[in-house]
Amino acid sequence: MRRRLLALVCVSASLLSGCGLMPGDAERSTVTVWLMRHSASQEYLDRFTEDFEREHPALDLDIRVQEWTGIGEKVQKALETDEEGGPDVIEVGNTQVATYAEGDGLLDLTLESMRDWGRDDWLPGLAEPGRWGSQQYGIPWYAANRVVIYRKDLFRQAGVTAPPRTRDEWLALTEKLDTGGHQGIYLAGQDWYTLAGFIWEEGGELAEERDGVWRGALDGPAALRGMDFYRRLQALGDGPVDADEEHPPQADVFARGKVAQIVAVPGLARAIVKQNPGLADQLGYFPVPGRAAGEPGAVFTGGSDLVVPAKTDTREGAVEVVAALTGARWNTDLARTMNYVPNKAELAESVAGEEGVAAMAAGAARGRATPGTPQWAAVEADNPIKEYMTEVLTGADPATAAERAARRITEALAFD
């Protein structure tokens, strides 16, 4: 479908006895790669392409940058049709893999993952959602997760000399910081990704699969403990109880100078400093604390996986591209270039020099993803978790509100 032959042209039957390839010419294949805008810099892509094509003389790369808006429908169409110029490798969000794998649209990469790529060493928050059943379809590319961004000067003024080691210490120091016109922490009431980490840290789940059926699990004892911790922490600031972290953008709130901490990806610091350059030297980072000293808490891990459409006619070339992009050399290069977390914990040293990314990498070791069902998108579309959080933060009985939210999640996951 996307083949190019380097052949001689028959210019004269009297000069040539036949047409064929000149010595040294060979059949070449083009591997078309869809990557998302801002996932990698153009300089990185140029370097990768030049190096890859030099090491794979029979392959040409055609990297096409895509927009996130509307990408789901575009990917589904590409997987279902056999149009000229379609993708051979696609970058997808780590939680989207199950949706595409369910319809047999992706190539099973389990063998390569186990034999060649060190599947057992991948970050669980990327590796687990890349599986459908027992097969591996999504190959982890990069990760990002939340950390605590804090004001070093406000910590010093409050006599806090080191980041907290446990969640109990985190609560205590946040209460100490919540004074004198400053918020100990700004935590919006509907920041459900942060809540998910607290629930997982307690041993709870957002939803569970039992006998092939997915059910909401917010009403479990462990999940309720996670919500209670969220309630106690959120009360040590003035975050709105009926809005998420983007309404208003928490970077804007932090930049005003009256907030000691937020929970966000380290990259948000750029937006903060842009609005308030005076904070450039005052921002610090630490992993979201866990229950046990010295162990980061569980966090939601976002990021991207690479998948190969089952319809590709350049299977070997596509696999080579995935192997190169997710392998140690180019994966650590991407992490350093874009301030990401590499796909394996053992590669975290590559970003150790960046305080925010190092904190993110430490937390990523205990990263999780949303439930691995294609129907989870239906839950997020009409998110009952947000409503549940607001109800609890405004005084509703947690168990009753959780039971209602869990039932709505069950109903959404049952939709087909």
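Q: Does Thr332 count as buried or exposed, and at what relative accessibility?
A: In this predicted model, Thr332 is part of helix 13, which covers residues 328-338. Residues under 20% relative accessible area are classed as buried. Thr332 therefore counts as buried, its relative accessibility being 11%.

Q: Which backbone oxygen does the side chain of Thr332 reach, and at what distance?
A: Leaving out residues up to four places away in sequence, Thr332 touches Leu347 and Ser350. Its side chain also reaches a backbone oxygen at 2.7 Å, and that oxygen belongs to Ala328.

Q: How many helices and strands does the secondary structure of the protein come to?
A: The C-alpha atoms of the protein fill a box of roughly 95 × 50 × 35 Å along the principal axes, and 53% of its 416 residues count as buried. Among contacts with a separation of 6 or more, 76% are accounted for by residues 24 or more positions apart. The secondary structure of this protein comes to 17 helices and 14 strands.

Q: Is helix 7 roughly parallel or roughly antiparallel to helix 9?
A: Helix 7 (residues 167-177) and helix 9 (residues 221-234) pack with their axes 10 Å apart and at an angle of about 20 degrees. Angles under 35 degrees count as roughly parallel. The angle therefore makes the relation of helix 7 to helix 9 roughly parallel.

Q: What classes of residue does the contact of helix 7 with helix 9 have, and how many of each?
A: Helix 7 passes helix 9 in a left-handed crossing. Helix 7 contributes Arg167, Trp170, Leu171 and Thr174 to the contact, while helix 9 contributes Phe229, Arg232 and Leu233. Sorted by class, the residues in the contact of helix 7 with helix 9 are four nonpolar, one polar and two charged.

Q: Is Asn94 buried or exposed, and what is its relative accessible area?
A: Asn94 is located in the loop that runs between strand 4 (89-93) and helix 3 (97-101). The cut-off for a buried residue is a relative accessible area under 20%. Asn94 is therefore buried, with a relative accessible area of 3%.

Q: Which residue has a backbone oxygen that lies 3.0 Å from a polar atom of the side chain of Asn94?
A: Not counting residues up to four places away in sequence, Asn94 touches a set of residues that includes Leu126, Pro129, Gly302, Asp305 and Ala369. The side chain of Asn94 reaches the backbone oxygen of Gly125 at 3.0 Å. A polar atom of that side chain also lies 3.0 Å from the backbone oxygen of a further residue, Thr301.

Q: Why is helix 16 described as largely enclosed by the rest of the structure?
A: The buried residues of helix 16 are Pro384, Ile385, Tyr388, Met389, Thr390, Glu391, Val392 and Leu393. These buried residues pack against helix 8 (192-201), helix 9, helix 15 (376-381) and helix 17 (398-414). Helix 16 (residues 384-393) is largely enclosed because, of its ten residues, the number buried is eight.

Q: Which residue caps the N-terminal end of helix 16?
A: Helix 16 is followed by Gly395, which has a positive phi near 105 degrees. At the N-terminal end of helix 16, a side-chain oxygen of the capping residue lies 2.9 Å from the backbone nitrogen of Ile385, and that capping residue is Asn383.

Q: What is the relative accessibility of Glu208?
A: Glu208 belongs to strand 9, residues 207-210. Partly exposed residues are those between the buried limit of 20% and the exposed limit of 50%. Glu208 therefore counts as partly exposed, with a relative accessibility of 29%.

Q: Which side chain does a polar contact of 2.8 Å join to that of Glu208?
A: Apart from residues up to four places away in sequence, Glu208 touches Val213, Trp214, Arg215 and Ala217. The C-alpha atoms of Glu208 and Thr410 are separated by 9.5 Å, although these residues are 202 residues apart along the chain. The side chain joined to that of Glu208 by a polar contact of 2.8 Å is that of Arg210.

Q: What distance separates the C-alpha atoms of Gly356 and Val265?
A: Gly356 is found in helix 14 (residues 355-364) and is buried, with a relative accessible area of 7%. Leaving aside neighbours within four places in sequence, Gly356 is in contact with Val147, Pro266 and Tyr285. Gly356 and Val265 are 91 residues apart along the chain, and their C-alpha atoms are separated by 8.4 Å.

Methods: Residues are numbered from 1 along each chain as its sequence is written. This is a predicted model: local features need pLDDT of at least 70, side-chain atom pairs count only at pLDDT 80 or more; totals for chains, interfaces and linings use all residues. Side-chain values use heavy atoms; hydrogens and water are left out. Helices (H or I, at least four residues) and strands (E, at least two) are DSSP runs, numbered from the N terminus. Buried means under 20% relative accessible area, exposed over 50%, partly exposed in between (1.4 Å probe, protein chains only). A polar contact is a pair of N or O atoms within 3.5 Å; within protein, one must be able to donate a hydrogen and the other to accept it, and residues adjacent in sequence count only if both atoms are side-chain atoms. Contact means heavy atoms within 4.5 Å. Axes are lines fitted to C-alpha atoms, for helices over the stretch in contact, and angles run from 0 to 180 degrees between N-to-C directions. Angles under 35 degrees count as roughly parallel, over 145 as roughly antiparallel, 65 to 115 as roughly perpendicular and the rest as oblique. A crossing is left-handed if the near helix is turned anticlockwise from the far one by less than a right angle, and right-handed if clockwise. Ala, Val, Leu, Ile, Met, Phe, Trp, Tyr, Cys and Pro count as nonpolar, Asp, Glu, Lys and Arg as charged, and the others, Gly among them, as polar.
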